[in-house]
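Please follow this explanation with the sequence and the structure side by side, taking one local feature after another.

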Amino acid sequence: MEIESSDIIRLMLQFLKENNLSNTYAALQEESTIALNTVDSVESFTEEIIQGHWDTVLRTVSNLKIPQRKLLDLYEQIVLELIEMRELGAARTLLRQTDPMQTLRDHFSERYLHLEHLLSRTWFDAKEAYPPGMTKEKRREIIAQALSGEVTVVAPSRLLALLGQALKWQQHQGLLPPDTAFDLFRGSAPTTKAEDDAEPTRSYATIKFPKKQHAESVTFSPDGQYLVTGTMDGFIEIWNYLTGKLRKDFKYQVEDNPMLMEDPVLCLSFSRDSEMLASGSQDGTIKVWKIQSGQCTRRFSPAHSQGVTSVCFNRDGSQILSSSFDHTVRLHGLKSGKTLKEFRGHSSFVNNAIFSYDMTRVISASSDGTVKIWDSKSTDCLHSILPNSVQAATTISGGIAVNCVIQMPKNMDHIVVCNKSPMVYLMTMRGQILKTFTSEDSILYSFNVQSGKVTTTLKLSEAEVIGVSHHPFSNILASYADDGVISLWKP
């Protein structure tokens with residue numbers, strides 16, 4: 001379905017008219033050369049003309065775009081009737097000071113001079129004013145019929161009605177949570193107020209892929225509107241996280257033209273404004289996508305010599321940080337399309353790399369068992385948390401691959417380190433262990449960070465769980481396993 005731009009302008013004109021924004025209405029109509037040309041009732045409009053209620057007719061016509069010939073006929077008739085009623089002052093003003101009558105004078109001088117002649121007479125003779133066989137009443141009917149063809153009737157408040165219908169459709173499709181406010185300008189539900197923390201306890205929806213095409217990466221957008229999956233067959237898809245269904249409001253997904261990588265998608269990450277999505281694949285390629293259009297706006301190929309394990313936008317969305325099986329962390333510029341910096345020092349796969357919240361540090365986690373802290377400008381390694389150091393008793397124990405690292409939001413010096421062991425560590429950036437949390441395979445543990453105690457446990461899957469992703473504001477969790485099932489959980 002194609003929507004004409006002229007129809008959008010007419011909706012805007014109607015809104016301006018109904019809200020008495022006459023100056024803006026006139027400016028938009030003049031600049032766009034598009035007229036609204038609507039009346040409340042065509043029958044009432046024609047009746048006003050037939051009855052000769054010219055003050056009402058002129059007010060209505062002033063907001064319409066009428067062909068010049070028909071407008072001249074209207075004004076000519078009004079002048080004639082004013083002369084007949086001996087309203088000579090009003091007739092003289094209308095004849096000599098209005099644009100249509102000036103046009104009549106310039107292009108139809110005989111008709112104009114005829115009106116001036118009638119105005120100068122001390123009496124009015126209908127036979128002299130009208131052509132043979134024509135009367136005032138017949139003339140009104142002719143003008144009414146001509147002008148009625150130029151106007152239409154539209155239901156009031158069409159713009160607001162259409163927007164309301166669109167929102168109801170989105171709610172019906174599950175694209176908007178029910179009974180929530182909606183930021184119409186931004187096109188999203190307001191997400192500034194987070195829910196109070198509550199542990200997920202039940203699965204309310206699932207997304208199922210064939211086992212060989214299971215999701216390797218699942219993430220929510222920072223604004224909480226999108227759930228995106230990247231699968232082993234290279235597809236990147238956007239889902240309704242409330243229903244577990246593929247979103248149909250993205251044209252490219254409806255037309256079966258999805259975002260696609262040539263190899264398995266290993267990682268995904270959104271820009272802070274949720275408008276761009278970065279994806280990394282097993283062949284070392286990174287692509288940057290525009291979510292609304294599904295178009296690839298930048299391709300780094302190869303960004304790494306081996307698979308890309310993580311991607312992360314910087315704060316302003318101008319750069320992407322990536323880690324790889326090739327033992328490196330790299331920084332790429334979206335504008336230049338080139339690799340800007342390389343952080344080298346790990347001796348095995350780099351499984352995860354993130355920016356610190358203040359963007360001054362890069363934090364990386366590797367299968368060599370270390371977490372390294374880098375200066376983001378100089379690429380110097382500032383700290384390396386070594387598993388085999390003399391601090392082994394107070395740091396991570398010997399040589400276990402580190403899967404990921406997360407910086408704590410309320411304390412920039414604290415990080416959460418997850419490795420291939422039953423242990424999760426809350427540490428300082430210099431390697432001191434503050435808390436230790438113990439877990440088991442495929443079970444989700446919720447911990448109180450202050451006490452270190454378990455608050456709830458939840459069996460996520462009988463298969464091997466690949467990862468979890470938490471909604472930024474709601475108490476909704478997505479878990480994904482190697483059996484191809486993504487489970488959506490809430491309290």
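Pro302 lies in the loop that runs between β10 (295-300) and β11 (308-313), where helices (H or I, at least four residues) and strands (E, at least two) are DSSP runs numbered from the N terminus. The peptide bond leading from Ser301 to Pro302 is cis, with omega near -5°. The model is a predicted one, in which local features need pLDDT of at least 70 and side-chain atom pairs count only at pLDDT 80 or more, while totals for chains, interfaces and linings use all residues. Residues are numbered from 1 along each chain as its sequence is written, and side-chain values use heavy atoms, with hydrogens and water left out.

Thr33 sits in the loop between α2 (22-32) and α3, and it is exposed, with a relative accessible area of 52%; here buried means under 20% relative accessible area, exposed over 50%, and partly exposed in between (1.4 Å probe, protein chains only). Ser157 is placed in the loop between α10 (136-148) and α11 (158-172), and at 30% relative accessibility it counts as partly exposed.

Turning to a pair of helices, the axes of α3 (residues 42-51) and α4 (residues 54-61) come within 8 Å and cross at roughly 135°, the axes being lines fitted to C-alpha atoms, for helices over the stretch in contact, and the angles running from 0 to 180 degrees between N-to-C directions. That angle makes α3 oblique to α4, since angles under 35 degrees count as roughly parallel, over 145 as roughly antiparallel, 65 to 115 as roughly perpendicular and the rest as oblique. Phe45, Glu48 and Ile49 of α3 meet Trp54, Thr56, Val57, Thr60 and Val61 of α4, contact meaning heavy atoms within 4.5 Å.

Phe447 belongs to strand β23 (residues 443-447) and is partly exposed, with a relative accessible area of 24%. Leaving aside residues up to four places away in sequence, Phe447 touches Phe437, Thr438, Gly452, Lys453, Val454 and Thr455.

What does a search of the whole structure find in the way of disulfides? It finds 0 disulfides, a disulfide being a pair of cysteine sulfur atoms within 2.5 Å. Cys296 is in none, and its nearest cysteine sulfur, that of Cys267, is 14 Å away. Cys404 is likewise in no disulfide, the nearest cysteine sulfur, that of Cys418, being 3.8 Å away.
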